[in-house]
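Open the structure in your viewer and keep the selection tool at hand. Each stop below names what to pick and what is there.

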Amino acid sequence: METMDAIRRRHSVRLFGPAPLLDEQIERLIEAAAAAPSACNSQPWRFHVATGMVRDRVNEIMALSTVHLSEYVEILGPEGFEHAQEFYANLGHAPIVIACSLPSANTELDRINGYVSVVAAIENMLLAATDMGLGSCNVTFSFWVRDQLRETFEVPDGREVVSLILIGHPAETPAAPRHRQDIATILE
Ligand SMILES: Cc1cc2nc3c(=O)[nH]c(=O)nc-3n(C[C@H](O)[C@H](O)[C@H](O)COP(=O)(O)O)c2cc1C
């Protein structure tokens, strides 16, 4: 697939079919993430892949996070709220969930460099998933239960989980959101 096609086709998928991912597919996703640019080539990202029983445990933890959703009830509306509650408790039945971690930062510059680098790696992974015909969704609202997630994903001390990435075979075709066009200022 052409790069621009993958960029245009990638959308957040929140419902997945039951088929598992092949080891080669997981390796390819990690290879794509590993090739991302990073501040001073620090490559601060680590990816912790939950399959099998660990994957089931992630659902149990994320179900606990739904108590915090009530803060968003006005934004989501009653139907969206109910849908979100269900989604966080099953993560769209994604066959694998990948936690992305980075070192806890000591300075503001380290923090920015870390986040910006990790986001590049995540986007590489999402685009590779699209290229492979897979669906994906980046879930940072996992923040609410990040301590429990650190434990479950066996993330070493000194690192923090920034996001969960859901990957699997799409069981829905999400509508493309409208993209703002007024995002660039060209200076001469
Ligand atoms: C930093 C970040 C955090 C996100 N967190 C969540 C989340 O917690 N739950 C969710 O359903 N989607 C989450 N998303 C997906 C966004 O809702 C989605 O990217 C956005 O609505 C645009 O839609 P698209 O990805 O289909 O283009 C997140 C995306 C990003 C980049």
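**Around the ligand**

Select H4 and strand S3 (135–139): each supplies at least two residues of the shell around the ligand. Helices (H or I, at least four residues) and strands (E, at least two) are DSSP runs, numbered from the N terminus. The model is predicted: local features need pLDDT of at least 70, side-chain atom pairs count only at pLDDT 80 or more, and totals for chains, interfaces and linings use all residues. Residues are numbered from 1 along each chain as its sequence is written, and side-chain values use heavy atoms, with hydrogens and water left out.

Which element gives the most to the shell? S3 does, with 3 residues.

Now show the residues around the ligand, including Arg 10, His 11, Phe 87, Tyr 88, Asn 138 and Phe 141. Colour the shell by class: 6 residues are nonpolar, 4 polar and 2 charged. Here Ala, Val, Leu, Ile, Met, Phe, Trp, Tyr, Cys and Pro count as nonpolar, Asp, Glu, Lys and Arg as charged, and the others, Gly among them, as polar.

- Arg 10: a polar side-chain atom lies 2.9 Å from a ligand oxygen atom.
- Tyr 88: a polar side-chain atom lies 2.8 Å from a ligand nitrogen atom.
- Phe 141: a backbone N or O atom lies 3.1 Å from a ligand oxygen atom.

On its own the ligand has 610 Å² of accessible area (Shrake-Rupley method, 1.4 Å probe). The protein covers 62% of that area.

**The sheet**

Next, pick the 4 strands of the open sheet, in the order S1-S2-S4-S3. Their pairing is antiparallel; two strands pair if DSSP finds at least two bridges between them. Strand S1 (46–50) and S3 are the edges, each pairing on one side only. From one strand to the next, the twist averages 25°.

Move to S2 (residues 96–103) and S4 (residues 159–168), which pair over 8 bridges. Find Ile 98: opposite stands Ile 165 in S4.

Contact means heavy atoms within 4.5 Å.

**Two helices**

Last, select H3 (residues 52–65) and H4 (residues 73–90). They pack at about 145°, with axes 6 Å apart. Axes are lines fitted to C-alpha atoms, for helices over the stretch in contact, and angles run from 0 to 180 degrees between N-to-C directions. Among the contact residues are Arg 55 and Met 62 of H3 and Tyr 88 of H4.

Terms used: Near = heavy atom within 4 Å. Polar contact = N/O pair within 3.5 Å; in protein donor to acceptor, adjacent residues only side chain to side chain.
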